[in-house]
Amino acid sequence: MLSSKTSRRLVALALGTGLVSAALGTAVPASAQPAPVAPVTANARYVGGAEGAAGNKAFFDAVLKSVAKRQTANPSLASVTVYYNASQAPSFRSQISSAASIWNSSVSNVKLQSTTGGADFTYYEGNDSRGSYASTNGHGSGYIFLDYAQNRQYDSIRVTAHETGHVLGLPDHYSGPCSELMSGGGPGTSCTNRYPNTTERSRVNQLWANGLAKALAKVNKAA
């Protein structure tokens, strides 16, 4: 029978070994961690899941609110700029730039622009069994997470452009054809269309005309 002193030593050793093992087993590069965020339960994901309209709206509202606060100084501008920070997703720098160019050439009421400072939303990269998704961080800020495995399986620029579509207010429509950017992973891995269709472009322009006006009114009222 072990003495109490020996037992305590064994327990301490076991705990120490367990902590070391846990540390080794969970070490992930900082760039793969999207900072402390709220669990993704009802937000937009590229291949579907439990997300819904409420999740899409929460993400868009977070970005819209951020832009509206800055836009109050220039409420009469014909188009507004949404700033994004891609520094936490270095592996996807090219895809993010392409996605921004696609949207900038497709719509007129809103433009996407890269920044290394304060941004309206941020891109992150890493491994996540849920795939790529758009979400909020629990503090009213939006972010896009790009999953490594999914971006190898699907056309990576389409994935990025699709998730960026949520920034601009578009919901998922997985039952749509490949010609719909927001059909996401619905059409399968063979779909490589990276551009929004006419309906999607029109909807974004409408949202950033009427939606922004309402957001500005709300911000000015609260001031």
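A nonpolar core is a set of buried Ala, Val, Leu, Ile, Met, Phe, Trp, Tyr and Cys residues joined through side-chain atoms within 4.5 Å. Buried means under 20% relative accessible area; exposed is over 50%, and partly exposed lies in between (1.4 Å probe, protein chains only). Keep both terms in mind for this talk.

What we have here is a predicted model, where local features need pLDDT of at least 70, side-chain atom pairs count only at pLDDT 80 or more, and totals for chains, interfaces and linings use all residues. Residues are numbered from 1 along each chain as its sequence is written, and side-chain values use heavy atoms, with hydrogens and water left out.

Confidence comes next. pLDDT is the predictor's confidence in each residue, from 0 to 100. The chain has a mean of 78, and 72% of its residues reach 70 or more. Helices (H or I, at least four residues) and strands (E, at least two) are DSSP runs, numbered from the N terminus. Among the elements, helix H1, residues 4-26, has the lowest mean pLDDT, 35. Helix H3, residues 93-106, has the highest, 98. Over residues 1-43 the pLDDT is below 50, and this stretch has 39 contacts in the model beyond near neighbours in sequence. A contact means heavy atoms within 4.5 Å. Where pLDDT is low, the predicted coordinates should not be read in detail.

Now the core. Which residues have the most contacts inside the largest nonpolar core? They are Val-82, Trp-103, Phe-121, Tyr-123 and Trp-208, in a core of 40 residues. Elements giving two or more residues to this core include helix H2 (53-71), strand E2 (80-88), H3, H5 and helix H6 (198-222). Take Trp-103. In soluble globular proteins, nonpolar side chains tend to be buried together.

On to helix H5, residues 156-167. Twelve of its twelve residues are buried, so H5 is largely enclosed by the rest of the structure. Among them are Ser-156, Arg-158, His-162, Glu-163 and His-166. Just after H5, Gly-169 takes a positive phi of about 105°.

Strand E6 is next. Two strands pair if DSSP finds at least two bridges between them. E4 and E6 pair in the parallel sense over six bridges. Gly-126 has Asp-147 in E6 as its bridge partner. Strand E5, residues 133-136, runs antiparallel to E6, joined by four bridges. Tyr-133 stands opposite Phe-145.

Last, the salt bridges. A salt bridge is a side-chain nitrogen of Lys or Arg within 4 Å of a carboxyl oxygen of Asp or Glu. How many does the structure hold? Three. In one, Arg-70 meets Asp-120, with the closest N and O atoms 2.9 Å apart. Arg-70 lies in helix H2 and Asp-120 in the loop between E3 and E4, so the pair ties together parts that are 50 residues apart in sequence. Arg-70 is partly exposed at 35%, whereas Asp-120 is buried at 3%. Arg-130 and Asp-128 form another, at 2.7 Å, N to O. Asp-155 and Arg-194 also meet in a salt bridge, at 2.9 Å.
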